[in-house]
Amino acid sequence: GGILDDYLRTDGVWILTRNKQFYKTNNEKECAEKCEAERNFNCRAFLFTRKKLQCLTLAENAKMTVTFNSTDAVLYEKKIYLLQCKRGIGKDYRGMEAKTRRGIPCQKWTEKTPHNPNYTPEKHPNAGLEENYCRNPDGDGSGPWCYTTDPATRFDYCNIPECEDQCMQCNGEDYHGEASRTESGLECQRWDAQEPHLHGFTLKHFPEKDLKKNYCRNPDGELRPWCFTTSPTKRWEYCNIPRCTTHPPVSGLGSQCLSGKGEDYRGRIAITESGNACQHWNTQFPHKHGWIPDRYPCKGLEENYCRNPDGEKRPWCYTINSSIRWEYCAIPHCDGTEQETAGMSNVPVQVPLSEECYRGKGQSYRGTTSITVSGRKCQAWNSMFPHRHEKTPDRFPNADLRDNYCRNPDGDSSPWCFTTDPNMTWEYCSLKRCDDHTQE
């Protein structure tokens with residue numbers, strides 16, 4: 001492949017960086033050559049502007065600094081610096097892990113205390129000895145390591161997962177291999193093509209997901225990587241990619257409090273905000289569900305603890321109350337603020353919370369109900385899991401298909417949604433018709 005195959009391309013993005021060099025080049029390939037030859041700093045990425053034919057080599061990539069939109073610019077990031085996994089013994093590992101497998105922070109490669117290093121950036125300029133990141137400058141068979149900040153331990157190994165292109169960790173969300181056939185042997189459709197199958201999984205909408213050529217990927221939290229097929233009669237299918245033999249690193253204990261949506265919450269709260277006890281994730285009673293711990297090894301689905309495996313607003317669980325399928329949990333915020341105020345930030349200001357009834361067929365309904373008549377939780381409109389569908393915000397721009405709120409984009413008899421229950425594709429929502437008799 002060409003020199004640009006080593007880079008991840010993103011159109012229309014500019015990144016803010018102090019350390020950069022300007023060059024005049026005719027095309028992206030020449031700019032990549034400047035990045036490879038850069039001696040002023042370690043070149044992680046470059047920006048190319050088509051109109052001015054300007055080339056900027058950069059010391060930072062989008063993981064390390066601020067990005068913003070710029071129509072004329074194309075950002076190319078070296079893939080090796082985006083990978084948080086190692087190939088083989090990890091001699092070329094350039095990720096940002098900076099603690100040992102026992103959780104001790106690494107000593108900076110340029111420092112002399114608490115340990116005087118044999119391996120320094122001066123002695124080994126091509127070994128990527130930056131900051132205090134784990135590296136393998138001596139080709140150690142046990143993989144990347146670092147000097148530790150513990151005076152009693154000179155060095156220790158780091159827990160870096162394998163990223164062999166032939167295998168996947170977790171559910172293959174980070175799989176970047178080149179498999180391009182489904183498990184039944186069908187060739188994959190290119191992600192940038194809309195034939196034979198129309199779809200919304202484009203590089204524009206999913207810039208982080210490496211939707212390259214026709215390679216198998218998992219952009220939507222499916223069980224494992226998949227692709228649309230080139231067969232008109234088979235829309236999509238899973239790809240047969242084995243699990244890696246080494247386990248992904250354990251990210252400490254995970255968070256014991258709520259930050260963001262709480263997807264990394266690994267605490268032991270197992271009761272919902274209304275006081276219902278949680279159902280164990282590995283049981284199917286009283287509620288049948290698809291979140292089986294063995295299928296999702298990296299979601300922390302232990303015991304009956306509250307979790308957020310599906311990108312909900314915050315952690316939740318199925319309840320042991322047969323009449324209440326699931327509920328959110330009350331998890332204390334990491335910054336000490338009240339959960340209620342944080343929860344409210346998810347509700348758009350212009351939506352009156354009292355509007356929990358609909359008029360006519362409910363095509364104008366813009367409330368925030370997201371529960372079906374049988375108590376099932378709604379699937380987000382921009383998600384394809386557990387049900388693939390065509391009712392996306394792109395295709396129905398006037399239907400306000402936000403989050404997983406009940407809507408009526410297709411003129412059905414009342415608002416509805418796809419459900420998060422794999423056995424029930426869709427249902428009408430738990431909404432009453434408004435009592436006023438005014439004409440719509």
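A pocket, as the word is used here, is an open set of grid points with protein on both sides within 12 Å along at least five of seven lines. Keep that in mind during this tour, and remember that the structure on your screen is a predicted model.

Begin by colouring the chain by its domains, which are domain 1 (7–81), domain 2 (254–333) and domain 3 (358–433).

Next, select Asn42, Cys43, Tyr81, Pro125 and Gly128, which are the closest to the centre of the second largest pocket among the 24 residues that line it. The space in this pocket comes to about 630 Å³. Helix H1 (28–37) and helix H2 (79–82) are the elements that each give two or more residues to the lining, and by class the lining holds 11 nonpolar, 4 polar and 9 charged residues.

Now move to the largest nonpolar core, which has 16 residues, and show Trp281, Trp291, Cys306 and Trp316, the members that touch the most others. Strand E10 (316–318) and strand E11 (326–328) each supply at least two residues of this core, with the largest share, 3 residues, coming from E10.

Stay with Trp281 and display its surroundings: beyond its neighbours within four places in sequence, its contacts include His289, Pro293, Leu301, Arg307 and Tyr318, as well as Trp291 and Trp316.

Finally, select Phe201, Trp226, Phe228 and Ile241, which are among the 14 residues of another core, lying apart from the largest one.

Technical notes. Residues are numbered from 1 along each chain as its sequence is written. This is a predicted model: local features need pLDDT of at least 70, side-chain atom pairs count only at pLDDT 80 or more; totals for chains, interfaces and linings use all residues. Side-chain values use heavy atoms; hydrogens and water are left out. On a 1 Å grid over the protein atoms alone, a cavity is a set of points where a 1.4 Å probe fits but cannot get out, and a pocket is an open set with protein on both sides within 12 Å along at least five of seven lines; lining residues have an atom within 4 Å of a point. Grid points are joined across faces, edges and corners, and a volume is the space filled by probe spheres set on the points. Helices (H or I, at least four residues) and strands (E, at least two) are DSSP runs, numbered from the N terminus. Ala, Val, Leu, Ile, Met, Phe, Trp, Tyr, Cys and Pro count as nonpolar, Asp, Glu, Lys and Arg as charged, and the others, Gly among them, as polar. A nonpolar core is a set of buried Ala, Val, Leu, Ile, Met, Phe, Trp, Tyr and Cys residues joined through side-chain atoms within 4.5 Å. Buried means under 20% relative accessible area, exposed over 50%, partly exposed in between (1.4 Å probe, protein chains only). Contact means heavy atoms within 4.5 Å. Domain bounds come from an automatic or database domain assignment.
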